[in-house]
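Here's a quick briefing for anyone opening this structure for the first time.

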Amino acid sequence: MKQTLNVYLQSKGFNSDDVWTQIHDSIRQVTLAKENDLKSAMASYPDHQIFFEMVRFDFVLDDKLQLWLMEVNMSPNLSSSIHPENAIMYEQVVFNTLALVGAAHYTAGSASKLTQQERDMMVRDSDVLVPVDECRQDGCKHCEEAKCVLCQHCMSENQKKIFKQAFVEHTHRRNFVRVFPVPHHDAARSADTKSEDKALSTPNKVMDLWYGAKCRLSKPWCI
């Protein structure tokens with residue numbers, strides 16, 4: 001469907017990339033604006049690390065290719081009974097989402113029954129470590145500055161666990177596109193997104209720093 005839309009827009013002389021940039025920007029801005037509400041919803045769960053929410057954003061385009069957000073649906077209906085022609089797409093959405101959050105894997109057995117050795121095989125400590133020049137300077141000797149959080153000797157076990165989850169999500173994302181942290185390539189990081197960075201919470205700033213450092217190590221992490 002995405003490719004069909006792209007071809008149609010291009011046939012009308014439009015730049016389809018502009019549409020997807022608007023979509024990604026809208027999803028990111030709404031999610032960040034509702035971050036505290038999502039945290040409140042997560043509070044009732046005993047393990048905050050396994051919480052996720054699937055939502056559907058409904059958009060319309062006008063004849064000027066201006067994007068308008070109509071609504072956001074929590075837990076959208078993915079039944080193919082009404083639109084059987086979409087059955088495969090719905091199945092892919094469900095499977096890819098469960099794979100992304102670690103609830104389903106390509107190996108046999110339940111993800112909840114993985115041994116620690118099997119979990120370590122999926123992602124090691126070294127997979128989440130990134131070279132940070134500041135780590136060798138006096139400012140990070142005692143982990144006093146915020147930027148030092150990426151340094152191995154400053155990284156808490158909980159932060160390391162969060163980075164490991166992000167690493168697994170990246171390797172399992174299949175056809176998904178990350179909209180936050182904003183991909184670290186010039187085309188994605190516009191003046192608007194850079195201004196948004198200043199308003200990020202501390203945990204979100206840490207994730208943005210980590211993705212940026214991973215991007216400098218390997219291009220696939222930049223998108």
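Rings of Phe, Tyr and Trp (its six-membered ring) count as a pair if their centres lie within 6.5 Å. Keep in mind that this is a predicted model. With that cut-off, Phe 163, Phe 167, Trp 210, Tyr 211 and Trp 221 come together as one aromatic cluster.

**Aromatic rings**
- Searching the whole structure turns up six aromatic pairs.
- One of them is Phe 167 with Trp 221, a tilted pair with 5.7 Å centre to centre and 35° between the planes.
- That pair links distant parts of the chain, 54 residues apart: Phe 167 sits in helix H7, and Trp 221 in the segment after helix H9 (202-217).
- Phe 167 counts as buried at 12% relative accessibility, and Trp 221 is buried at 7%.
- Trp 210 and Trp 221 make an edge-to-face pair, because their ring centres are 5.4 Å apart and their planes meet at 80°.
- Trp 210 belongs to helix H9, eleven residues from Trp 221.

**Helix H7**
- H7 covers residues 157-171, and its 15 residues reach 21 Å from first C-alpha to last, close to the 21 Å expected.
- Its buried residues include Phe 163, Ala 166, Phe 167 and Val 168.

**The hairpin**
- Strands E1 (residues 55-61) and E2 (residues 67-74) run antiparallel, joined by seven bridges.
- Leu 61 has Leu 67 in E2 as its bridge partner.
- Five residues lie between the strands, and Leu 65 in the turn has a positive phi of about 65°.

**On the surface**
- Phe 52, Val 94, Leu 98 and Val 101 form a nonpolar patch with about 260 Å² of accessible area together.
- Leu 98, in helix H4 (residues 87-100), is partly exposed at 30% relative accessible area.

Conventions: Residues numbered from 1 in each chain as written. Predicted model: local features only at pLDDT ≥ 70, side-chain atom pairs only at ≥ 80, totals over all residues. Heavy atoms only, no water. Pairing = 2+ DSSP bridges. Helix = DSSP H or I, 4+ residues; strand = E, 2+ residues; numbered from the N terminus. Expected span 1.5 Å × (residues − 1). Buried < 20%, exposed > 50% of the residue type's maximum accessible area, 1.4 Å probe, protein only. Patch = residues over 30% accessible without salt bridge, like charges linked within 9 Å, V, L, I, M, F, W, Y side chains within 5 Å. Areas by Shrake-Rupley, 256 points an atom, 1.4 Å probe, with all protein chains shown as cover. Salt bridge = Lys/Arg side-chain N within 4 Å of Asp/Glu carboxyl O. Phe/Tyr/Trp six-rings, centres within 6.5 Å; stacked < 30°, edge-to-face > 60°.
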